[in-house]
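Welcome, and thanks for taking a look at this one with me. Below are some numbered notes to read beside the sequence and the 3D view.

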Amino acid sequence: MGERILDVKDLVIHYETDEEVVEAVNKINLTLERGEILGLVGETGAGKTTTALGIMRLLPDKVGHVIQGHILFEGEDLLGKSEREMRSIRGKKISMIFQDPMTALNPVKTVGDQIAEVVELHNHCSKAEALKRAQEMLAMVGIVPERYREYPHQFSGGMKQRIVIAIALACEPDLLIADEPTTALDVTIQAQILDMMRKLQRENGTSMILITHDLGVVAEMCDHCAVMYAGEIVEFGRTEQVFDNPKHPYTQALYQSIPSLDKDVHRLHVIPGMVCDPSNLPEHCSFCDRCTKKNENCAKHDPWIVDVEKGHYAKCFQYTPEWEGSAAAAGEE
Amino acid sequence: MEKNLLEVKNLKKYFSTPHGLLHAVDNVTFNIEKGKTIGIVGESGCGKSTLGKTLMRLHTPTSGQVLYKGTDIASMPIKEFKKNYRSHIQMIFQDPYASLDPRMSVLQLVEEPIRVNNRKLSRAEVSSKAREMMELVGLAKRLENSYPHELDGGRRQRIGIARALSLNPEFIVCDEPVSALDVSIQAQILNLLQDLQEQRGLTYMFITHDMSVVKHISDDIAVMYLGQMIEKCPADEIFRDTIHPYSQALLSAIPIPDVHARHDRMVLKGELTSPINPKPCCRFAARCPYATDKCRAEEPMLRELKPNHQVACHYAEKFVK
Amino acid sequence: MSKMHTPAMEKIEKKNAKRKKPLNPTPAYESWKRFRRNPTATIGLIVVAALILVAIFAPLIAPYDFQTQDYAAMMQKPSAQHLFGTDQFGRDIFSRCIYGARYSLIIALFCTIAAFFSGGLLGIIAGYFGGKVDTVIMRIMDIFQAIPMIMMAMCIVAVLGNGIPQLVAAIMFASMPTMARNNRAAILRVRGNDYIESSEAIGCNQFQLILKHMIPNAVGVMIIYFVGFLAVSIMMMSSMSYIGVGLAAPTPEWGLILNDGKSYLTSAPYMMLFPALMIMITCFAFNLMGDGLRDAFDPKLK
């Protein structure tokens, strides 16, 4: 067991507007060990990005609220930090890569300056040293260092994403949160970027949270994997456990609905119905209406997280058949 | 040739840009049989969408022929095309968020094609036909008065499909219809498209960048690179017997949702450039790991290597398994 | 029903319980909701509405006639009888400002409508057809813009004399280029959307495309420009009247009242203060309303 770098406990995040309260993240628990990659998978609106923004303390002002929970980073609760302390953590200890590389870069500054800026800010070094570091970073992500004097528009989409990654990694953060880093890119470019990220991760030992909707990317990159549905983590485990032996009906159904390259099926498996309205979540299992394996408990109570095998958890009543009996008291609590 | 619904011959679409002539679609030739699906795969900027829009006459082709049931629809005046062929060839658009007018309700959106193409129908007839179409694509009647922004991606794409189908087309260009959707929704839409094809004998041209989707839905697959078709073969063959180095790289780049399939990829260097004033050489030569001087000097033509399997590579024989 | 209950949820539940039936959220209704939620915009709307009422009921509100000269009460300071004081002919400035609202609002409306139907239409045509049509129209607009507005107004006044139609024409010509450019941009923005192509694909002709899709989607932005232009027109009109190329003397137009007071700036500053305030408040209100409309119609544009 390595050292635990991030420990999210019972995190609840709501978006509150005049019209509605969106329950974006509901009591999630996550752990990440140093040097590992955790994949956060789920469909649009499952709360993946909100979780990441919550950890970064970058939820939109006034609207996004952390209702309860703890985010322990290297043993300290990030939720207790002041905005000033957070600023020195962001970029230096935790970095984030956003989905769209086109908007993440400042178009009127050279890429070298943009990398150097972060280094200067956090390492308190001279401009010259920072620029030197910027060139090193460019070389590391596979861009000729001499191009540090060029502007973002002179680079292609894949190159821009490399630069964004270079900025994120410039201060050697302990934790990198990558929010769909390759979704906007073509497959051959995605392959390049993923390859590079894996190489960097191995060399620097950075811990990483990789947010994606692509199960393929998770299978290739991650050590652990958490499947999110309607703001909850419905399944968590080592990637092999989750992929070889999916336990939650949602994960199973998701797996079956992807067209496969090597098997021929005439019709794809479909998950019936649709995701429930996040501003009006049921008190019982959120997936129950679409589930093929539901029993009478599912529409009455919210299931809790069960240890299905060592280090592999699923939030489903299937694995607690004795529910009505002894566990009832614990469930009501 | 009766069985070919559409024959595309040497189709070209060039755009003039400030930097020169952009060869978006360059000398593309292929046939589509009636009732079949041809999948067009390629990365962004390879001209696959332009190809679709050129067949639809949303772009005017620069040169070449498009024979629809034997009539050349590429060179006929646009007025004549609109009058006689518009309803035969329809299109489903990529982004269901952007391709629906936000100020129209679901019913209005589905009514629109019926109304503009059948001036004689009364309001009630138009509405009842639109409701029929909604039912066909699985849109509940209660959604009639909703607006696109209230619906999820899958339902919006169903509206797009209903709009295209309401004109009773025989040929539908599907331009990345599921790329913007989540996997579970994607499966619903793919199944719907398949069902409609079986019921109505539709012919599809399915444009996408997703190899697994294209394999699932297509009978034939054509791979495009920088405006040219570089490989075309039956769908199951492209995965068993990939010949063109680019197709190989494209396949090897797909992340496979299986932990035990972690493999060494063939990672291509560089990126797709835009085909502005291309030199007469193999357009893939700059990124191809096997490129020789011949590749950089001479443009390979699409040639039949095996029955129904065409490749544009000088050294194609070398890569046959 | 929810996973967790928070005070914010209870508040909304209470609010929803009060509402009898859910309203159909048409795009127009959503815009109105966004507008109403914006306090500054609402203030702007209220002030504008008040000004319109003042203009309509001017004869009832104004205590005196706007041109009756009262030599017994010349140059009086603001008092209970004369709220804004009187001018050098003993005319009540308050009444003149009240009647001024009539002139300013109506003329501004005419100017904006005229500019909208000349410049705006040209802009829509240029934006839709593009290419050579676009180039020709926009270059003509550029030429128009190169002529200083005041000079054009002076030429018109020199040829045709002072008067409302001349003033409207001058302002219209001066505003046409901007109006054309704005509307062209609005159409171009809508035109780039996929749904235009989608409608073209199902067989809509150009006429249907413009009328059914482009204008309804661009109308929000156009209203924003329209309201913004009302403020600009009021400013232009006042400054032209002030320098004497706008309306003729006895008319109670705010710019003219300002002009009347300018010789007495040191001895009777109130003569300029009140009409200036009226101009300022009006323009400010229109601008607030315009900003609110922009946020309401175009939440992404901020």
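1. A definition to begin with: helices (H or I, at least four residues) and strands (E, at least two) are DSSP runs, numbered from the N terminus. By that rule chain C has 12 helices and zero strands. Read along the sequence, its pattern is α-α-α-α-α-α-α-α-α-α-α-α.

2. A word on what you are viewing. This is a predicted model, in which local features need pLDDT of at least 70 and side-chain atom pairs count only at pLDDT 80 or more, while totals for chains, interfaces and linings use all residues. Residues are numbered from 1 along each chain as its sequence is written, and chains are lettered from A and ligands numbered from 1 in the order in which they are written.

3. How confident is the prediction? The model scores ipTM 0.83 and pTM 0.84. pLDDT is the predictor's confidence in each residue, from 0 to 100; for chain C it averages 83, and 95% of the residues score at least 70. Among the elements of chain C, helix α3 (residues 39-56) has the highest mean pLDDT, 90, and helix α1 (residues 7-18) the lowest, 75.

4. Staying with chain C, its C-alpha trace spans about 75 × 60 × 30 Å along the principal axes. A residue is buried if 20 or more other C-beta atoms lie within 10 Å of its own, exposed if 12 or fewer, and partly exposed in between, with C-beta atoms placed from the backbone. On that count, 40% of the 302 residues of chain C are buried. Two residues are in contact if their C-beta atoms, placed from the backbone, lie within 7 Å. Of the contacts in chain C between residues at least 6 apart in sequence, 70% join residues at least 24 apart.

5. Please look next at the sheet in chain A. Two strands pair if DSSP finds at least two bridges between them. Four strands make an open sheet in the order β2-β1-β4-β5 of chain A, with antiparallel pairing. Its edges are β2 (21-33) and β5 (76-77) of chain A; each has a single partner strand, so one side of each is left without a neighbour in the sheet. Strand β1 (residues 4-16) and strand β4 (residues 64-73) of chain A run antiparallel and are joined by eight bridges. In β4(A), A:Ile71 is the bridge partner of A:Val8. Helix α1 (residues 48-56) of chain A packs on this sheet, touching β1, β2 and β4 of chain A, and its direction makes about 70° with that of β2(A). (Axes are lines fitted to C-alpha atoms, for helices over the stretch in contact, and angles run from 0 to 180 degrees between N-to-C directions.)

6. Chain B has an open sheet too: four strands in the order β2-β1-β4-β5 (chain B), paired antiparallel. Here β2 (20-33) and β5 (71-72) of chain B are the edge strands, each pairing on one side only. Strand β1 (residues 4-17) of chain B pairs with β2(B) over 10 bridges, and B:Leu21 in β2(B) is the bridge partner of B:Ser16. Helix α1 (residues 48-55) of chain B lies across β1, β2 and β4 (63-68) of chain B, at about 65° to β2(B).

7. What covers the buried residues of α3(B)? The cover includes α4 (123-136) and α5 (153-165) of chain B, together with α9 (194-201) of chain C. Nine of the 12 residues of helix α3 (residues 106-117) of chain B are buried, among them B:Val106, B:Glu111 and B:Arg115.

8. Now for the contact between chains A and B. It takes 35 residues from chain A and 32 residues from chain B. On the side of chain A that touches chain B, α7 (187-204), α8 (215-221), α9 (239-244) and α10 (249-257) of chain A each supply at least two residues. The largest share, seven residues, comes from α7(A). By class, this side has 15 nonpolar, 12 polar and eight charged residues. (Ala, Val, Leu, Ile, Met, Phe, Trp, Tyr, Cys and Pro count as nonpolar, Asp, Glu, Lys and Arg as charged, and the others, Gly among them, as polar.)

9. Finally, the interior. A nonpolar core is a set of buried Ala, Val, Leu, Ile, Met, Phe, Trp, Tyr and Cys residues joined through C-beta atoms within 7 Å. Of the 265 residues in the largest such core, A:Ile115, A:Ala166, A:Ile177, A:Leu210 and A:Val227 touch the most other members. Helix α10 (residues 206-242) of chain C gives the most to this core, with 18 residues.
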